[in-house]
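Hi,

Here is the structure I promised to pass on to you. Have it open while you read, and my notes follow just below.

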Amino acid sequence: MDVEILSRIQFALTVAFHYIYPPLSIGLGLIMVVMEGRYLWTKEVVYHEMARFWTRIFALTFGIGVATGIVMEFEFGTNWATYSRYVGDVFGSALAAEGIFAFALESGFLGILIFGWNRVSPRIHFIATLGVWLGSMFSAVWIVVANSWQQTPAGFHVVGEGMEARAEITDFWAMVFNPSSVDRLTHVWIGAFLAGAFLVMSVHAWYLLKNRYVALSKRAFGIALWVAVVASLAQLLTGHHSAEGVAVNQPAKLAAMEGHFDSLAAADMYLMGWVNTETETVTGIGIPGGLSFLLYQDFEAPVTGLGAFPKEDRPGAVNAVFQFYHIMVAIGMMLIGLSLLGLYFWFRGRLFDQRWLLRIFVLAVILPQVANQAGWFSAEMGRQPWVVYGLLRTSDALSEAVTANQVWFSLILFSVVYALLLALFLYLLNKKIQAGPHHHEEGDHQSRQEERIGAIS
Amino acid sequence: MATILGLDYPTLWFLVVGGLFSGYAILDGFDLGAGALHLFLRKEQSRRLALNAVGPVWDGNEVWLVIGGGALFAGFPPVYATLLSAMYIPFILFLVLIIFRAISIEFRSKEPMRWWRQTWDISYSVSSVGIALLLGVVLGNVLLGFPLESGYRVRGHWLQFLNPYALMVGLSTVALFAMHGAIYLTMKTEGRLFVKIHLLLKRATIFFVVSFGITTLYTLLYIPHLSDQFKQAPVLFVLPLAAFLSIANIPRLVSRKQYGWAFFFSSLTVALLLGLVAVELYPVMLLSTISPEYSLDVYRAAASEKSLGIMLLIAAIGAPLVLAYTAFVFWTFKGKVKLDDTSY
């Protein structure tokens, strides 16, 4: 394998692994803000307890998110040096702004969020939680803006030629509000809310099934259910809007998502299917002309197909883009269905008697995670063969100084470390969940004992 | 070319990047140093206290690295890209150690078993030393220069970053951070642990003075290009003189039990030493040992004036905010460490 494919695999591995955690931090952050807000408002101790419990889980996801995030920032330079030189002028200000406004805000207040329960008043603690959550939301802004600029570049001009070619910023706000950034940012935020909400519902549904912390779990489940209902429906809107944008700005990507080749024909919308790139056909179940209707409200309207692009300008893995896109959409629909079903029983006051539904909610935690990953895979693979759409090819973006052996070394190292990290994360997550919301009282006792022993020995 | 206070934008941004990396070295320096000393503490209770002394702040400290890296990427894209790809293996190891360190801190307290805590203690300490060493190795190579050719290619063997000079700078960095971290811990501990830390501080100070002395001597004798600036402008000798006085002041303050001031001066030492590096290099950022025409200086590497202008504005708005909440966090957790149910 050559440097290009190895570097792509490594980037995909490290970014996909990283992306397990930040959405959880953003989603859990929102729910913790609601919990602490309810505590300040009602003074009911149950909200305080659930907020403390979720803070412990938040700390776990946040810690791994930071550590794996630093890898991403430096990997641009280590593996994609030409890309970094090309985009630095444009991309750099977004990244610098992320560091100074967002990352510093969240990490600064994180200490108080986790360690400050006994040191600051509930009001200050609420502000710290809000600060951490807003910081994580801002991080998403700048990083999605930067990625969106790669999809739909704007507010720049290209200077220099060959090795020295680079994009220079001409209009900061045009760069920030490039054609796809708002749609993609809202889509990412809401995907994160869903990841957080479904984790909270999963854990509390499990407690309810086990008959543990029943009063607390019912309230916490309720909070997360409302977040899930609003978020899953809103996701339909942002997703649709995003697709309309892709149709205008990246027609080759949209065509790959639905496996559409013939530019003169109406485009179908598939529920599921398989793309044969040799014969340029899709085998599957779908609505004929469905994509045409969605985009132009006309089942007959022609949609630009992959045939309009020379082979070297088409995404390399059309079937993969198609599959990832359809997995994401299918899960999105499932999340709407589950949330509405939950809401229906909630209004009838019988939600917590539906053990079968609670069991589904326990397992459903995996769904938004898969959808988030699949969405990014289809977005990024659909952008190929470009790293900056229409301007810089992925194959031209590599580091000149790096050899395949070096990337093999780092790829194997990251694979081993991340496998270990994932195992530890799941182990500790499970442990914290098993320990439950009242754990800290026992912990208090235990640590006091330890201190006594420490003082004696 | 636009200027502020007589400095052009690339020079200003060079100062911003330098300031951020100094901030990072001062802040993460003390928690890396505390990590380096970790295994010298034997008792579980001592280790817990030492770990919790950096517990609420290490993550915020590491953010300075993220901001510094971002600022380098944004302001001098070719330097960021060339440095990181030319030093591929050290940076990958550095990243892996950053991960190990984070998870060691996060996971050690989660299980009571001895072997579990011992494993994470070793991982925490080794990664802390490794990070400090690699940072020094990168700095040493930057001081020496790279065999940089046209088209940003680098000549030579992929292991050439492990040269004696770079290792010497790496060792000095470990020693400096160990001393800096020990001073921090004296402010945060009491009783027998304090006495132990005090002893470690003495040894770390000696270790630093010796390794730094040898490195300085080697630099003066064998790497003449690094003293060119001082020969041209003797007024710059103020800087090494200040660094020397600052270092000499540390043991004096420690023997007077003024630990807060000692910490101030060890922070100042870190800043002054990086200031020396900046003066020695400027305006070059990446020196080519093959030909000066391949070297990257601030003007050749700088982003456009438009981009730098935007970023200077962002920095001007952001810096007071960052300083304000950093100060607030340190103030909240001021004083000696007390363990409670939220501790590691």
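One definition before we start: a residue is buried if 20 or more other C-beta atoms lie within 10 Å of its own, exposed if 12 or fewer, and partly exposed in between. Also keep in mind that this is a predicted model.

A:A404 has 15 other C-beta atoms within 10 Å, so it counts as partly exposed. Leaving out residues up to four places away in sequence, A:A404 touches A:M1, A:D2, A:V3 and A:L6. A:A231 is 173 residues from A:A404 along the chain, and their C-alpha atoms are 43 Å apart.

Now for the core. The largest nonpolar core holds 261 residues, and the ones that touch the most other members are A:I31, A:A197, A:M201, A:A224 and B:L95. Its biggest contributor is helix α4 (residues 81-115) of chain A, which gives 22 residues. Take A:A197 as an example: beyond its neighbours within four places in sequence, it is in contact with A:G27, A:I31, A:A224, A:V227, A:A228 and A:A231.

Next, where the two chains meet. Chain A puts 65 residues into the contact and chain B puts in 63. On the chain B side, the elements giving two or more residues are α2 (44-54), α3 (58-75), α4 (77-86), α5 (88-107) and α13 (305-332). That side of chain B splits into 39 nonpolar, 15 polar and nine charged residues.

Here's one pair of helices to zoom in on. The axes of α3 (residues 45-79) of chain A and α4(B) come within 6 Å and cross at roughly 85°, which means α3(A) is roughly perpendicular to α4(B). By class, their contact has four nonpolar, three polar and no charged residues. Which residues of α3(A) and α4(B) meet there? From α3(A) they are A:F74, A:G77 and A:T78, and from α4(B) they are B:Y80, B:A81, B:L84 and B:S85.

Last stop is α2(B). Is it largely enclosed or open? Eight of its 11 residues are buried, so α2(B) is largely enclosed by the rest of the structure. The buried ones are B:R47, B:R48, B:L49, B:A50, B:L51, B:N52, B:A53 and B:V54. These buried residues pack against α1 (9-37), α3, α5, α6 (114-144), α7 (164-188) and α8 (191-222) of chain B.

Cheers

Key. Residues numbered from 1 in each chain as written. Chains lettered and ligands numbered in written order. Predicted model: local features only at pLDDT ≥ 70, side-chain atom pairs only at ≥ 80, totals over all residues. Contact = placed C-beta atoms within 7 Å. Helix = DSSP H or I, 4+ residues; strand = E, 2+ residues; numbered from the N terminus. Nonpolar A, V, L, I, M, F, W, Y, C, P; charged D, E, K, R; others polar. Core = buried A, V, L, I, M, F, W, Y, C linked by C-beta atoms within 7 Å. Axes fitted to C-alpha atoms, helices over the stretch in contact; angles between N-to-C directions. Parallel < 35°, antiparallel > 145°, perpendicular 65-115°, else oblique.
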